[in-house]
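I opened this notebook page to record what I looked up in one model, going from the whole chain to single residues.

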Amino acid sequence: MEEAQRPRSHTVTTTASSATDHFSTASASGSFAYDKEFLRTLPGILILAEIVLGLLVWTLIAGTEYFRVPAFGWVMFVAVFYWVLTVFFLIIYMTMTYTRIPQVPWTMVGLCFNGSAFILYLIAAIVDASSVTKEQDSHNYNSWAASSFFAFMVTICYAGNAYFSFISWRSRTVQ
């Protein structure tokens, strides 16, 4: 009598790893890039200035009763929107993510971003300055006047980065 064949049992080995294990091995192997020299370039310095000055613009307005003057809603939108995107672009440039996604035309993206930021911030700065009125509450007046000043300063920074983006875009299209 022949014995019935039993199915063989298979040994399955599983391992678990945490995200920190992956990150530490990935950064040790060099796949996580960090460009510490970027902040020493003029575009890097301008991006830092845009972040600091943009933060001042929207915090100076947000600390007041800005909702009583509808024009400040526009200034807040522009300031917060471009502040968040500028922080995002700083992270992209610092981690050199743009080198890992070559399908994106980064020079064109930078030119469009900085050009639109310059134009919309210029409009917002003019709206901000023209909306500042002397009130009984000097806190609102001082904050609005300071935000207007910083809005023009950040506009200059975006204009500078738009210029550098244009030079970079132009050099890529000539090749």
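The entries below follow the order in which I looked things up.

**Ground rules.** I am working from a predicted model, in which local features need pLDDT of at least 70 and side-chain atom pairs count only at pLDDT 80 or more, while totals for chains, interfaces and linings use all residues. I number residues from 1 along each chain as its sequence is written, and side-chain values use heavy atoms, with hydrogens and water left out.

**Whole chain.** I found five helices and zero strands, where helices (H or I, at least four residues) and strands (E, at least two) are DSSP runs numbered from the N terminus. Of the 175 residues, 32% are buried, meaning under 20% relative accessible area with a 1.4 Å probe, protein chains only. I also looked up contacts, that is, heavy atoms within 4.5 Å: among those with a separation of 6 or more, 78% are between residues 24 or more positions apart.

**Record.** I checked UniProt, whose unreviewed entry lists residues 42–61, 73–94, 106–127 and 147–169 as "transmembrane region"; such annotations may be inferred rather than shown by experiment. In the model, residues 42–61 are 100% helix with end C-alpha atoms 28 Å apart, and residues 147–169 are likewise 100% helix, with their end C-alpha atoms 32 Å apart.

**Core.** I then turned to the largest nonpolar core, which has 31 residues; such a core is a set of buried Ala, Val, Leu, Ile, Met, Phe, Trp, Tyr and Cys residues joined through side-chain atoms within 4.5 Å. At least two of its residues come from each of α2 (42–62), α3 (71–94), α4 (106–131) and α5 (138–174), and α3 gives the largest share, 11 residues. Val 57, Tyr 82, Tyr 121 and Tyr 158 have the most contacts inside this core. Leaving aside neighbours within four places in sequence, I see Tyr 158 in contact with residues including Tyr 82, Phe 113, Phe 118 and Tyr 121, and also with Glu 50.

**Helix α2.** I noted that Glu 50 is among the buried residues of α2, as are Leu 46, Leu 53, Val 57 and Ile 61.

**Ser 147.** What does the side chain of Ser 147 make a polar contact with? I found the side chain of Asp 128 as its partner, at 2.9 Å; a polar contact is a pair of N or O atoms within 3.5 Å, and within protein one must be able to donate a hydrogen and the other to accept it, with residues adjacent in sequence counting only if both atoms are side-chain atoms. Ser 147 sits in helix α5 and is buried, with a relative accessible area of 0%. Beyond its neighbours within four places in sequence, Ser 147 is in contact with Val 57, Leu 60, Ile 61 and Asp 128.

Terms used:
Buried < 20%, exposed > 50% of the residue type's maximum accessible area, 1.4 Å probe, protein only.
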